[in-house]
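This report walks through a protein model for a reader meeting it for the first time. Please keep the sequence and the structure in view while reading.

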Amino acid sequence: MELIVERSGVAKTTIYRHFPTKDALIEAFLEREDHDFWRQWEAVVGSHAGEPRRALSALCDWIGDRVSRDSYRGCPQINVAAEFADVGHPARKVAHRHKSEMVERLTALCRELDMSTAPLRAHQIGLLFDGAFMSNGRLGNVGAAWILNDAVERLVGS
């Protein structure tokens with residue numbers, strides 16, 4: 001909290017008025033990240049409404065670009081889950097909800113493809129996306145978007 005006060009110039013009492021604990025501040029940060037992530041996701045998927053295969057490909061491109069940025073430091077939800085062991089921690093709850101939401105959204109896209117295995121494929125694609133999020137920039141040099149697109153295409157078939 002001292003570092004936040006120092007860098008932000010906001011008084012400690014003001015910070016504690018809005019965030020009574022450090023855990024509450026972490027939770028608020030993750031909620032904001034979650035909201036921003038889904039806003040971008042919606043824009044990507046929305047530009048291909050009614051075209052689930054194109055929407056999945058666009059998501060692969062978006063995630064590939066995201067994880068290839070020089071400043072990319074990983075998925076905040078995955079990072080928090082690794083940092084806080086207590087599954088009851090407020091930030092872990094946000095992270096769990098975020099990943100569950102991803103599977104639900106991917107399941108809906110897979111169902112649009114008339115896949116009888118939509119929930120299974122959604123989990124598999126979610127694992128691919130999470131792997132990219134955890135790649136620590138390794139995929140940037142070899143084409144993260146291309147790798148994701150190829151893997152997802154193999155899962156959903158033609």
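## Helices H5 and H6

The axes of H5 and H6 approach within 9 Å and cross at roughly 135°, where axes are lines fitted to C-alpha atoms, for helices over the stretch in contact, and angles run from 0 to 180 degrees between N-to-C directions. H5 is therefore oblique to H6, on a scale in which angles under 35 degrees count as roughly parallel, over 145 as roughly antiparallel, 65 to 115 as roughly perpendicular and the rest as oblique. The crossing of these two helices is left-handed, a term used if the near helix is turned anticlockwise from the far one by less than a right angle, with right-handed used if it is turned clockwise.

On the H5 side the contact is made by Gln-77, Ile-78, Val-80 and Ala-81, and on the H6 side by Ala-91, Arg-92, Ala-95, His-98 and Lys-99, contact meaning heavy atoms within 4.5 Å. By class, these residues divide into five nonpolar, two polar and two charged; Ala, Val, Leu, Ile, Met, Phe, Trp, Tyr, Cys and Pro count as nonpolar, Asp, Glu, Lys and Arg as charged, and the others, Gly among them, as polar. Within helix H5 (residues 76-83), Pro-76, Gln-77, Ile-78 and Val-80 are buried, where buried means under 20% relative accessible area, exposed over 50%, and partly exposed in between (1.4 Å probe, protein chains only). The cover over the buried residues of H5 includes H3, helix H6 (90-112) and helix H7 (118-133).

## Basis of the model

This is a predicted model, in which local features need pLDDT of at least 70 and side-chain atom pairs count only at pLDDT 80 or more, while totals for chains, interfaces and linings use all residues. Residues are numbered from 1 along each chain as its sequence is written, and side-chain values use heavy atoms, with hydrogens and water left out.

## The protein as a whole

Helices (H or I, at least four residues) and strands (E, at least two) are DSSP runs, numbered from the N terminus. The C-alpha trace spans about 60 × 30 × 30 Å along its principal axes.

Of the 158 residues in the protein, 38% are buried. Among the contacts with a separation of 6 or more, 63% are accounted for by residues 24 or more positions apart.

Rings of Phe, Tyr and Trp (its six-membered ring) pair if their centres lie within 6.5 Å, and planes under 30 degrees apart count as stacked, over 60 as edge-to-face and the rest as tilted. By this rule the count comes to seven aromatic pairs. One of them joins Phe-37 and Trp-62 in a tilted arrangement, 5.0 Å centre to centre with 50° between the planes. This pair links distant parts of the chain, since Phe-37 is in helix H3 (residues 22-46) and Trp-62 in helix H4 (residues 52-68), 25 residues apart. Phe-37 is buried, with a relative accessible area of 5%, and Trp-62 also counts as buried, at 13% relative accessibility.

Trp-62 takes part in a pair with Trp-41 as well, the ring centres being 6.4 Å apart and the planes at 90°, so this pair is edge-to-face. Because Trp-41 lies in helix H3 and Trp-62 in helix H4, the pair ties together parts that are 21 residues apart in sequence. Phe-37, Trp-38, Trp-41, Trp-62, Phe-129 and Phe-133 form one aromatic cluster.

## Helices H4 and H8

The axes of H4 and helix H8 (residues 144-156) come within 7 Å and cross at roughly 150°, which means that H4 is roughly antiparallel to H8. The crossing of H4 with H8 is right-handed. Residues making the contact include Leu-56, Cys-60 and Ile-63 of H4 and Leu-148, Val-152 and Val-156 of H8. By class, the contact has nine nonpolar, four polar and three charged residues.

Val-152, found in helix H8, counts as buried at 4% relative accessibility. Leaving aside neighbours within four places in sequence, Val-152 is in contact with Leu-56, Cys-60, Ile-125, Leu-128 and Phe-129.
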